[in-house]
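Dear colleague,

I am passing on a structure that will be new to you. Please have a look at it first, and then read the notes below on what was found.

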Amino acid sequence: ILDNALTESVQPFTHIQPTIDDESVSVSVSVSVSVSVSVSVSVLLSVSELFEISHIRTIYHMFIAVLLIFFLSTLAVDYIDQGRLVLEFDLLFFAFGKLGTVTWAWGVMFVYTLLVPYYTLVFWGSLYHSLSSKLGLSLGTGLILCAVQTCVLGLFPIYTVVNNQLPPASRFIVILEQIRFLMKSYSFMRETAPVVMRNTPKEGESPRFPTFSSYLYFLFCPTLIYRESYPR
């Protein structure tokens, strides 16, 4: 026994394998997470409290005053040198040029997204439960809708941007609206088609479809998940 005790006492420290309990690990992780959250909250509170100090507010107001002085001095120098205020908006006008083309391109995409997906769903849903070949109806309607989507929301905006040589900001508007309308129409079909498939109407009743007003609201609502109503 004495020999075993002496042997264990002279073993290096690296050979000792401490046992760690799962509960202690979870407790330490939760404690570290709570500590990090509390630290971040305290940092935000301290930053907001800084602006309540009069000296910090004075420095903040000094920066604003210096910015206004630079702005007024630039206007004064331009007026003295050239006898008029030089407000250079040429770059802004160039970047947002050809707004007429942007407007009618956006109108075409909006009218298509508003009417075609909605009435395609109504047409497909009104025939889905009455026809025996549900798969053929779904495949045919889906392929036709995909082809039209590709032409109107896929090729048409790109052709408009390239053919009319739109400036940077104008083409940015067209491409972003193209992506938004694609995602909105896909979300609408993805969320409503399974509901129509599951809810078989009773005899003599017509299938229940989403209201047109809710779909119109969804096109302008800042979300990509279609719902009949949203919490306010």
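Lys 184 is buried (under 20% relative accessible area, with exposed meaning over 50% and partly exposed in between, for a 1.4 Å probe and protein chains only) and yet takes part in no salt bridge, a salt bridge being a side-chain nitrogen of Lys or Arg within 4 Å of a carboxyl oxygen of Asp or Glu. Lys 184 belongs to helix α7, helices here being DSSP runs of H or I with at least four residues, numbered from the N terminus.

Please bear in mind that this is a predicted model, in which local features need pLDDT of at least 70 and side-chain atom pairs pLDDT 80 or more, while totals for chains, interfaces and linings use all residues. Residues are numbered from 1 along each chain as its sequence is written, and side-chain values use heavy atoms, without hydrogens and water.

The structure holds 2 salt bridges. In one of them Arg 180 pairs with Glu 177, the closest N and O atoms being 2.8 Å apart; both residues lie in helix α7, 3 residues apart, or about one turn of the helix. Glu 177 is buried at 17% relative accessible area, whereas Arg 180 is partly exposed at 22%.

The side chains of Arg 227 and Glu 191 also meet in a salt bridge, at 3.2 Å from N to O. Arg 227 lies in the segment after α8 (212–220) and Glu 191 in helix α7, so this pair ties together parts that are 36 residues apart in sequence.

Conventions:
Helices (H or I, at least four residues) and strands (E, at least two) are DSSP runs, numbered from the N terminus. Lys and Arg count as positive and Asp and Glu as negative; His and the chain ends are not counted.
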